[in-house]
Amino acid sequence: MNSSTLAEKPKSKMPTVGTKIAAQIKNNGALWAFFLLLVINILITPNFLQIQTLYVNLTQVATVAIVAIGMTLVIASGGIDLSVGALMALAGTVAPMIFLSDYGVANPELGLFVAIVVAISAAGVAGLFNGFLISKYKIQPIIATLILFISGRGIAQVLTNGELQTFDNPSFEFIGTGRVFGVPVQAWITLVLALSIAWVLKRSIYGRYLLAVGGNEKAAELAGVPAKKVKLVTYMVCGILAGIAGIISTAINSASDANQTGQLMELDAISAAIVGGVLLTGGKAPILGAVLGAAIIQLVGYTLLANGVHDAVAMVAKAVIIIVAVYLQQVRGAKS
């Protein structure tokens with residue numbers, strides 16, 4: 001081999017530092033955005049590094065994150081669920097009705113256990129109803145879940161006559177205000193749920209079936225995937241998670257408010273899922289990304305409010321974040 005041949009050999013493209021940084025930002029955009037928000041808050045937000053600030057944000061983000069996990073599953077299956085806020089109100093109404101009943105007062109520990117189980121089960125059955133309409137009758141998810149979006153909160157309001165139910169039950173309130181090893185209980189619940197569901201998606205047959213159905217439902221059915229059962233389970237799990245979030249929200253406030261519990265939660269959950277990296281076309285379910293997305297949205301709202309910006313601006317900021325996230329998804333999808 002002579003020197004001229006060596007000169008004609010194409011040079012290998014070594015990634016530069018700038019290319020590596022750009023690739024890292026592209027592949028972990030949500031994580032970098034979260035760190036950027038932390039730095040901004042450290043610089044401009046008073047008392048941001050105090051432990052009480054951490055507790056406030058953990059408490060407020062927990063319910064959104066839990067619902068966002070369920071929403072991520074639903075979107076990954078190719079659907080959407082508008083009823084999660086109403087199911088939160090329903091579960092948050094049912095639980096106090098049981099442990100405040102004569103049976104619950106006479107049997108406080110058993111009554112509390114029954115109240116939590118029945119409330120979460122009610123939300124799960126409602127989610128199963130959504131899945132039944134969508135899988136059995138092929139109703140568009142946005143239409144099928146709109147039924148409970150309207151009627152679910154209506155049922156909760158009928159059960160309470162539209163009135164605020166206050167209570168004094170330290171055992172139940174511990175779910176919303178208690179701490180374990182100094183960390184709010186709801187943060188532990190969120191962490192356990194996120195890790196458990198992420199593990200199930202990665203290791204179980206259900207996880208593989210869910211992504212297959214979301215990616216291409218017809219192809220999945222031809223390959224033997226029980227798409228209808230997968231959707232039933234997915235919407236039921238989403239309902240159960242909404243029920244858990246409803247109980248936490250009720251426990252935090254020591255009151256059941258059918259009118260306000262879970263208001264606009266469906267939009268926050270969808271926003272968190274999108275920011276976390278879920279594909280609106282289905283086939284991808286980044287559970288931990290949804291939790292991170294919920295944290296970003298919470299932190300944006302907190303940053304604005306803590307620095308004296310009006311609450312309405314926070315909603316505009318959320319909309320901008322969603323637009324950016326969807327745009328980045330479109331760009332990434334076009335290049336892949």
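**Close-up views of a predicted model**

**View 1. Helices α9 and α13 are roughly perpendicular to each other (that is, their angle lies between 65 and 115 degrees).** Welcome to a predicted model, in which local features need pLDDT of at least 70, side-chain atom pairs count only at pLDDT 80 or more, and totals for chains, interfaces and linings use all residues. Residues are numbered from 1 along each chain as its sequence is written, and side-chain values use heavy atoms, leaving out hydrogens and water. Helix α9 covers residues 170-177 and helix α13 residues 227-253; they pack at about 105°, with axes 7 Å apart. Axes are lines fitted to C-alpha atoms, for helices over the stretch in contact, and angles run from 0 to 180 degrees between N-to-C directions. Helices are DSSP runs (H or I, at least four residues), numbered from the N terminus.

**View 2. Here is where α9 meets α13.** Phe172, Glu173, Ile175, Gly176 and Thr177 of α9 touch Ile247, Ile248, Thr250, Ala251 and Ile252 of α13, contact being heavy atoms within 4.5 Å. Six of these residues are nonpolar, three polar and one charged.

**View 3. Helix α15 spans residues 287-306.** From first C-alpha to last, its 20 residues reach 28 Å, close to the 28 Å expected at 1.5 Å a residue (1.5 Å times one less than the number of residues). Gly308, with a positive phi near 80°, follows α15.

View 4. Ser271 is buried, with a relative accessible area of 6%. Leaving aside residues up to four places away in sequence, Ser271 touches Ile297 and Ile322.

Note on methods: Helices (H or I, at least four residues) and strands (E, at least two) are DSSP runs, numbered from the N terminus. Angles under 35 degrees count as roughly parallel, over 145 as roughly antiparallel, 65 to 115 as roughly perpendicular and the rest as oblique. Ala, Val, Leu, Ile, Met, Phe, Trp, Tyr, Cys and Pro count as nonpolar, Asp, Glu, Lys and Arg as charged, and the others, Gly among them, as polar. Buried means under 20% relative accessible area, exposed over 50%, partly exposed in between (1.4 Å probe, protein chains only).
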